[in-house]
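Morning, everyone. I have one structure to show you today.

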Amino acid sequence: MLYWIWVLIVGAIIGLLAGVITGRGGSMGFLANILAGLVGSTLGQALFGTWGPQMAGMAIVPSVLGAVILVLAISFVTGMFNRKHA
């Protein structure tokens, strides 16, 4: 149980870092940060491997890179959707 709490906390931090790096994290809530961190971690480790320091089974550097890619991709798609319907 404690492991999963730690995973959620590290996922939230990774998502928060991705939002800060991209400048698009202001509108992201706590749950969105966790989701971006966990999905971004999976994406980043699939693309870049599991090198560097790890916390809660997540390689931090590839995880943050994956979360940044995810946040930018979602921002791009939602931006396109908002422009078409504005």
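**A pocket, a patch and a few residues**

Let's begin with the lining of the largest pocket. Sorted by class, that lining has eight nonpolar residues, two polar ones and one charged one. Before we go on, please remember that this is a predicted model.

How much volume does the largest pocket have? About 230 Å³. Which parts of the chain build its lining? Two elements give two or more residues each: helix 2, residues 30-48, and helix 3, residues 60-84. The lining has eleven residues in total. Nearest the centre of the pocket are Met-28, Ala-32, Ala-36, Val-71 and Ile-74.

Let's stay with Ile-74. This residue is in helix 3. Is Ile-74 buried, exposed or partly exposed? Its relative accessibility is 46%, so Ile-74 counts as partly exposed. The cut-off for exposed is over 50%. Ile-74 and Ala-36 are 38 residues apart along the chain, and their C-alpha atoms are separated by 9.9 Å. Both of these residues are among those nearest the pocket centre.

Next, another residue of helix 2. Leu-43 lies in that helix. Leu-43 has a relative accessible area of 30%, so it is partly exposed. Leu-43 and Thr-78 are 35 residues apart along the chain, with 19 Å between their C-alpha atoms.

Now the surface. There is a nonpolar patch, with about 940 Å² of accessible area together. Its members are Met-1, Leu-2, Ile-5, Trp-6, Ile-9, Ile-13, Leu-17, Ile-21 and Met-55. Which element gives the most to this patch? Helix 1, residues 2-22, with seven residues.

Pick out two of those patch members. Ile-21 is in helix 1. Its relative accessibility is 55%, and therefore Ile-21 counts as exposed. Leu-17 is in helix 1 too. Leu-65 is 48 residues away along the sequence, and the two C-alpha atoms are 9.7 Å apart in space.

One last stop: the backbone. Most residues other than glycine have a negative phi. What is the phi of Ala-56? It is positive, about 55°, although Ala-56 is not a glycine. Where is Ala-56? Look in the loop between strand 1, residues 54-55, and strand 2, residues 58-59. Ala-56 is buried, because its relative accessible area is 13%, and buried means under 20%.

To recap: we have a pocket of about 230 Å³, a nonpolar patch to which helix 1 gives the most, and an alanine, Ala-56, with a positive phi.

How values were computed:
Residues numbered from 1 in each chain as written. Predicted model: local features only at pLDDT ≥ 70, side-chain atom pairs only at ≥ 80, totals over all residues. Heavy atoms only, no water. 1 Å grid on protein atoms, 1.4 Å probe; cavity = no way out; pocket = protein on both sides within 12 Å on 5 of 7 lines; lining within 4 Å. Points joined across faces, edges and corners; volume = space filled by probe spheres on them. Helix = DSSP H or I, 4+ residues; strand = E, 2+ residues; numbered from the N terminus. Nonpolar A, V, L, I, M, F, W, Y, C, P; charged D, E, K, R; others polar. Patch = residues over 30% accessible without salt bridge, like charges linked within 9 Å, V, L, I, M, F, W, Y side chains within 5 Å. Areas by Shrake-Rupley, 256 points an atom, 1.4 Å probe, with all protein chains shown as cover. Salt bridge = Lys/Arg side-chain N within 4 Å of Asp/Glu carboxyl O. Buried < 20%, exposed > 50% of the residue type's maximum accessible area, 1.4 Å probe, protein only.
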